Amino acid sequence: PSSQAAMTKLGQWLCGLALLGSAWAALALAPPGLQPPAPLRQALLPLPVYLLVAFGCYSLATVGYRLATFNDCEAAAAELQEHIRAARADLQRRGLRL
Amino acid sequence: MAARGPGRVSVLLPTYNERDNLPLVVWLLARTLSDSGIDFEIIIIDDGSPDGTQEVAQQLEKIYGSDKIVRQLFLFPSGTAYIHGMKYATGNFIVIMDADLSHHVRLHFMVFLIKPIVYRKQKEGNFDIVSGTRYKGNGGVYGWDLKRKLISRGANFLTQVLLRPGASDLTGSFRLYRKEVLQKLMEKCVSKGYVFQMEMIVRARQLGFTIGEVPISFVDRVYGESKLGGNEIVSFLKGLLTLFATT
């Protein structure tokens, strides 16, 4: 497998934010001569905050869901206890001094 | 000396004060691996335990034979025991379990999965790495309260967002590697402790290695004893941010 000269994750985030940020600034904060139509500007201006809030909600929902579906391994724990008993017996039989 | 088949597995087991757990882990490994017809060896790398771990390891070597149990005494900082252990590994697959975690070392826990699936999955999908995951399929935990589960899921979510690692569980640390892959990764990784485990997966993706996943059950041996304190959380965040900025 070839090794790619990768930008760090931080670098990728900064690039992405710079790109989106400048696009947003160019459109939403443009001087009067170059402004896009008013409805578009009204939607664009609070967009960053909306996206942040949306991401926050997504995060909470995702973590909440994963928390709720986090498996409890009852069977594995019980099996483990059995195995520990068997292991102790077998090892003592084979000469292990615990 | 027995002939080394192409599918020999070396299990690296770093220990510190594991006098009680070690015989059980070895017994489980030996039984599961030989029941599945997998050629194996267990390399016990002890960090100078004062509780008699080395004597237990010696007894185990007598019981199972020096072909199967290799003992190494190693007194270096965490994260580097594997590098030392690997020098003695004769298998071409390496299993790492019970990672060198400072906050796990004194906990009694037993990761309960040593199924042939791990090895078979390696062969089936021809993966470079097979990683155990607590978060997918029927993987899971036992003996965790809500708070610990929440922290675990929250930390994992943050890791996924920041690192996009392509593996669902980066801190579970129960993995099978091809020997050459592990050697290559060890050269490239610089972190210590469990951040080292995370870094290995991230670097593996960067280098184009394939990673398969297998659900595992993570069972705390001593119910309720594991604590996830503020210190652990802070050091995890520091490690995560370091990986974010450097990989």
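**Exercise 1. Describe how helix 5 of chain B passes helix 8 of chain B.**

Step 1. Helices here are DSSP runs of H or I with at least four residues, numbered from the N terminus. The model is predicted: local features need pLDDT of at least 70 and side-chain atom pairs 80 or more, while totals for chains, interfaces and linings use all residues. Residues count from 1 along each chain as written, chains are lettered from A in the order written, and side-chain values use heavy atoms, without hydrogens and water.

Step 2. Geometry: helix 5 (residues 146–163) and helix 8 (residues 230–246) of chain B pack at about 10 degrees, axes 10 Å apart. Axes are lines fitted to C-alpha atoms over the stretch in contact, and angles run from 0 to 180 degrees between N-to-C directions. So helix 5 of chain B is roughly parallel to helix 8 of chain B (under 35 degrees; over 145 is roughly antiparallel, 65 to 115 roughly perpendicular, the rest oblique).

Step 3. Contacts (heavy atoms within 4.5 Å): helix 5 of chain B brings residues including Ile151(B), Ala155(B) and Leu158(B), which meet a set in helix 8 of chain B including Ile233(B), Phe236(B) and Leu237(B). This contact between helix 5 and helix 8 of chain B divides into 12 nonpolar, one polar and no charged residues. Nonpolar covers Ala, Val, Leu, Ile, Met, Phe, Trp, Tyr, Cys and Pro; charged covers Asp, Glu, Lys and Arg; the others, Gly among them, are polar.

**Exercise 2. Classify the packing of helix 6 and helix 7 of chain B.**

Step 1. Helix 6 (residues 179–188) and helix 7 (residues 193–206) of chain B pack at about 110 degrees, with axes 10 Å apart. That makes helix 6 of chain B roughly perpendicular to helix 7 of chain B.

Step 2. The crossing of helix 6 of chain B with helix 7 of chain B is right-handed. By class, their contact has six nonpolar, no polar and three charged residues.

**Exercise 3. Characterise the contact between chain B and chain A.**

Step 1. Chain B gives 44 residues and chain A gives 40 residues.

Step 2. About 3800 Å² is buried between chain B and chain A, 67% of it from carbon and sulfur atoms (accessible area, 1.4 Å probe, lost on putting the two parts together, summed over both).

Step 3. One salt bridge is counted between chain B and chain A (side-chain nitrogen of Lys or Arg within 4 Å of a carboxyl oxygen of Asp or Glu). Lys149(B) pairs with Asp72(A), the closest N and O atoms being 3.0 Å apart.

Methods:
Helix = DSSP H or I, 4+ residues; strand = E, 2+ residues; numbered from the N terminus. Left-handed = near helix turned anticlockwise from the far one by under 90°.
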